[in-house]
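I opened the model to look up a single chain, its contact with a neighbour and one residue in it. My notes follow.

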Amino acid sequence: MSLTEAEAVFASVHETALNDLITAFCTDRPRYLVYGSPSFVPVTTVAETAMPGIPFPGIPGGINWRIRLGVPRIDLFKQTDPLPPELVLGPGQFSGRLDAELCIDCRKIRIDPKPPRPNSPTYGDNPNNPDKPRDTHPIAELTCFKLQVFLIGHLEHVMASNGEDAIALAVDQVEIVDIKPTDLESFLECLLFMILQAVLAEIRLPLRALRAGAFQLVPTVGPLIEDDQIKMRGTL
Amino acid sequence: MAEIIAALDEAGANTLLDTAISLIPLQSDSGSGSLGPFVASYAVSASLTNGDVDLIPPDIIRIDDLRVDWDINFSFGIDLSTILPDFCLPQVCINIPCVGRVCTPKICIDWPTISIPVHFADFIKADADFRLDISLVGGVWKVQAVIVGIPNLQFGATTAALLAAIGLAVTPILLAIPFIGPFLALAVNAILLAIGIAGLAGFLGPILTPFVSGIKIPIYDQPQLFPVLPAQSAVDPQVDIVIDAIAASVAHNGAEDELVLTADISA
Amino acid sequence: MNMNQNIFDSRAIRRTDCYAQRFMRPGKYPYHILPAGTAALNDDRPYMIVVKDGDKAGEMKQHNVFIKGRSAQYAPDNKELTIDVGDLVLWNCVSADVPPFVIAGDHEFFDSGRLTNECGYSHAFGHPGEYSWKDAYGSGIGGVVKVVDPACKCEADVRKWRAKLGDGTIVMIADGKAQPDKVEIVTGQTVFFAVVTSPGISITDERFLEKASSHC
């Protein structure tokens, strides 16, 4: 069987090269893997993305949080890497595995003897107020946990930020292994499902890079996942 | 197994080479060469047009009917006295009434040296084999199709047409020379015979062959530090990968001969 | 030889031209050969025609003087020529690519730049065309020489054409007019303009006259 089959041009990228590309993206733009509210990430840099805290009445500045993701390792169908039994890698799919660390800034909140001002969820957050009840939890006492996350997904043909044809990794299912109670596992899986969908959708790899700039290719078939590769066929 | 594979079938290779060859800029040269017994100075330019591509494993791209369009301006000097025999006006006698007979002497014409400028444009077709050549120079990966050997250029009808063009160019110049008019055709013929078909082929061959023998067709040209994404902001810098290795070959896959490029990369 | 060297103008003698002068009185006639149009710049007359008082009733004899030259330097093959009264001397340049010249004598009648009496100018026409000629000094004398291409199509035609080149054509100039005023020849043939009497004229292609008509 020819590589090009009925088309004029063929391009494929093996999962090892795909992982190199993802690693290059995550290494050059690590902020796409690290998100945190102001007490963790005061400002967005190349290394981190600043996010607002989770607002909650009575918690000055809201609940501060941070999530750090490891560089995902992608396994294209056929399966190479082991998966939890809950996940089955089907044709056209990829699996992924990454570490995730979630942290919150756990503080003790002193009750303010003054009457609360209604409709002021940020009450007590005024730095000019000498009675401001601040009792920040020391950073050394962050409450964090790490998880290994498994996922299943498929490719989406998208446009890169510069308008080029690109692929993105779309997450279909997330699995965290052995967390009890089961509802907590489901809760965390859902939380990470949403986060990983958003994060991986931003890692858009141009088709040009997938073929290392060789030839032109206007895809008419693919991108497809098969034989541990992403394959495309098309015209010049 | 290569990490990245890109392949073209013969039709794709044809299209690729159409574009690649059309992007080779117009080449030009100047100098002097032998045009039969004369020395001609010339300025020539040539452009290439792809022909029919045949991929031959393991590493040959054969192009049939590679077309070289060329345009030449040349001029050559002719000392007509080396081409034409001495020519003398005979003695002329007249009888002047009441005076007598007066005769002019025999007057011999000295033929001048003339310069003949010729402009001519035509094309030739050649069959040529190209071999894939891979290099990493100055941080840039290049794959080029480099011509193998020197194709034999067949000028065929070109020489006859060029001879006719020389005839056309020389005619008005000869016509401007006194006394040649009546035997212009003989004079033109004498010049063309002196040059001859062989003279033209010997003139054109060395001039045009370098345009073909030096052909390098770019197939792949990318920096080793390959940009995946451009910088978008201060917090989104450029994303690069390193192309560690490039290979190129012509592979026979199934029923197809394909031009295959492979790359290994690292983050 | 180029086109300029086949210019039809008696004031500037060229390779395919001849100037002839008859000497009707005994005496010494010094002259010089100078670039055309420059006779007034040089009073030297280093060459000589010596005319002896001979048998006037005898037949006119012709003497040829061949001029060799390089650049603007001309020299006759016979610096002093002795002839009899009534004889004719004809000058022609045998060197190629020398500038056109005049035979400048001390006597008014002896000047190729201005043909006066008993003299002549011949010109072999190298190109076909219709040549209207005129006296550059304004006498009104003029005429036409029509030169036709022999239309040689083969070597035999060329041979026939060459055979015709020895046939000359004469135009007599006397009493203020040229006879005939229109002649027809083929390329390469010679027309001899015989000036019997005139106020001092030139035989000049009208096309040059229009461009350079400066005389006093």
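I started with burial. I call a residue buried if 20 or more other C-beta atoms lie within 10 Å of its own, and exposed if 12 or fewer do. The model is predicted. By that cut-off, 44% of the 216 residues in chain C are buried.

**Fold of chain C**

I looked up the secondary structure next. Chain C has two helices and 16 strands. Its radius of gyration is 17 Å, and the globule rule also gives 17 Å for 216 residues, so chain C is as compact as a globular protein of that length. I read the extent of the C-alpha trace along the principal axes as about 55 × 40 × 40 Å. I then took the contacts in chain C between residues at least 6 apart in sequence. Of these, 70% join residues at least 24 apart.

**Contact with chain B**

How many residues does the contact take from chain C and from chain B? I find 35 from chain C and 25 from chain B. On the chain C side, the elements that give two or more residues include strands β1 (17–22), β4 (62–70) and β7 (88–93), as well as helix α1 (155–164). I sorted this side by class: 17 residues are nonpolar, 15 are polar and three are charged.

**C:Arg162**

I picked one residue in helix α1 of chain C, C:Arg162. Is C:Arg162 buried, exposed or partly exposed? I count it as partly exposed, because it has 18 C-beta neighbours inside 10 Å. I also checked C:Arg162 against C:Thr187. They are 25 residues apart in sequence, and their C-alpha atoms are 9.9 Å apart in space.

Definitions and conventions: Residues are numbered from 1 along each chain as its sequence is written. Chains are lettered from A and ligands numbered from 1 in the order in which they are written. This is a predicted model: local features need pLDDT of at least 70, side-chain atom pairs count only at pLDDT 80 or more; totals for chains, interfaces and linings use all residues. Helices (H or I, at least four residues) and strands (E, at least two) are DSSP runs, numbered from the N terminus. The radius of gyration is taken over C-alpha atoms; the globule rule is 2.2 Å times the number of residues to the power 0.38. Two residues are in contact if their C-beta atoms, placed from the backbone, lie within 7 Å. Ala, Val, Leu, Ile, Met, Phe, Trp, Tyr, Cys and Pro count as nonpolar, Asp, Glu, Lys and Arg as charged, and the others, Gly among them, as polar.
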